Amino acid sequence: MASLQGYVDHRVLLILQDGRAIVGVMAGYDQKSNVVLSDSKERVYSTDEGVEEIPLGLYLVKGDQMCVLPTVLISHLTSDIMSGYATSVLIGELDEDLEKSVDLSVIRAEPLPAIRY
């Protein structure tokens, strides 16, 4: 597995096996690829309303079978990538300037389905 060291102290987006999208600053990880995020928020997508961000604070994500992507922009994560090519978790570094320019209240999207084996 590629090292997660390059993501430490960077804002990342994690896509979990159950379809949740978690954004936070990667505070650390261990030899089993468990990931600790600080200042984290869950992004809840809806076709009726804008993206809701639920504050989670310090958050631990169990990382067995984590799939690591190269540095990506959120706009480059396509539904093809999210709907079957990962086994457990996708992780990607966010472009902070792009993040600040995006108005989440106007984004409408289907929630991601859970990944099934």
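Contact, as the word is used for residues here, means heavy atoms within 4.5 Å. In the predicted model, Leu-37 is in contact, beyond its neighbours within four places in sequence, with Val-12, Leu-14, Ile-22, Gly-24, Val-25, Met-26, Ala-27, Gly-57, Leu-58 and Tyr-59. Leu-37 also belongs to the largest nonpolar core, which has 13 residues. Within this core, Leu-37, Leu-14 and Met-26 are the residues that touch the most other members. Two or more core residues come from each of strands S1, S2 (21-29), S3 and S4.

Confidence was considered next. The chain has a mean pLDDT of 78, and 74% of its residues reach 70 or more. Over residues 67-88, pLDDT stays under 50. For that stretch the model has 53 contacts beyond four places in sequence.

Charged side chains were then examined. Side chains of opposite charge can pair when their charged atoms come close. The count of salt bridges comes to four. One of them joins the side chains of Arg-11 and Asp-39, with a distance of 4.0 Å from N to O. Arg-11 is in strand S1 (residues 11-15) and Asp-39 is in strand S3 (residues 35-44), so that the pair links distant parts of the chain, 28 residues apart. Arg-11 has a relative accessible area of 16% and is therefore buried, the limit for this class being under 20%.

Another salt bridge is formed between Arg-20 and Asp-18, whose closest N and O atoms are 2.8 Å apart. Arg-20 has a relative accessible area of 27% and so counts as partly exposed. Asp-18, at 40% relative accessibility, is likewise partly exposed.

Glu-99 and Arg-43 are both buried. The two residues are also part of a network of salt bridges that links Arg-43, Glu-53 and Glu-99.

Two further positions illustrate how residues separated in sequence are placed in space. Gly-92 lies in strand S6 (residues 89-93). With a relative accessible area of 3%, Gly-92 is buried. The C-alpha atoms of Gly-92 and Tyr-7 are 8.1 Å apart, while the two residues are 85 residues apart in sequence.

Ile-54 is placed in strand S4 (residues 52-61). Its relative accessibility is 31%, so Ile-54 counts as partly exposed. Apart from its neighbours within four places in sequence, Ile-54 is in contact with Ser-40, Lys-41, Glu-42 and Val-44. For Ile-54 and Lys-41, the distance from C-alpha to C-alpha is 5.2 Å, and the separation in sequence is 13 residues.

Technical notes: Residues are numbered from 1 along each chain as its sequence is written. This is a predicted model: local features need pLDDT of at least 70, side-chain atom pairs count only at pLDDT 80 or more; totals for chains, interfaces and linings use all residues. Side-chain values use heavy atoms; hydrogens and water are left out. pLDDT is the predictor's confidence in each residue, from 0 to 100. Helices (H or I, at least four residues) and strands (E, at least two) are DSSP runs, numbered from the N terminus. Buried means under 20% relative accessible area, exposed over 50%, partly exposed in between (1.4 Å probe, protein chains only). A nonpolar core is a set of buried Ala, Val, Leu, Ile, Met, Phe, Trp, Tyr and Cys residues joined through side-chain atoms within 4.5 Å.
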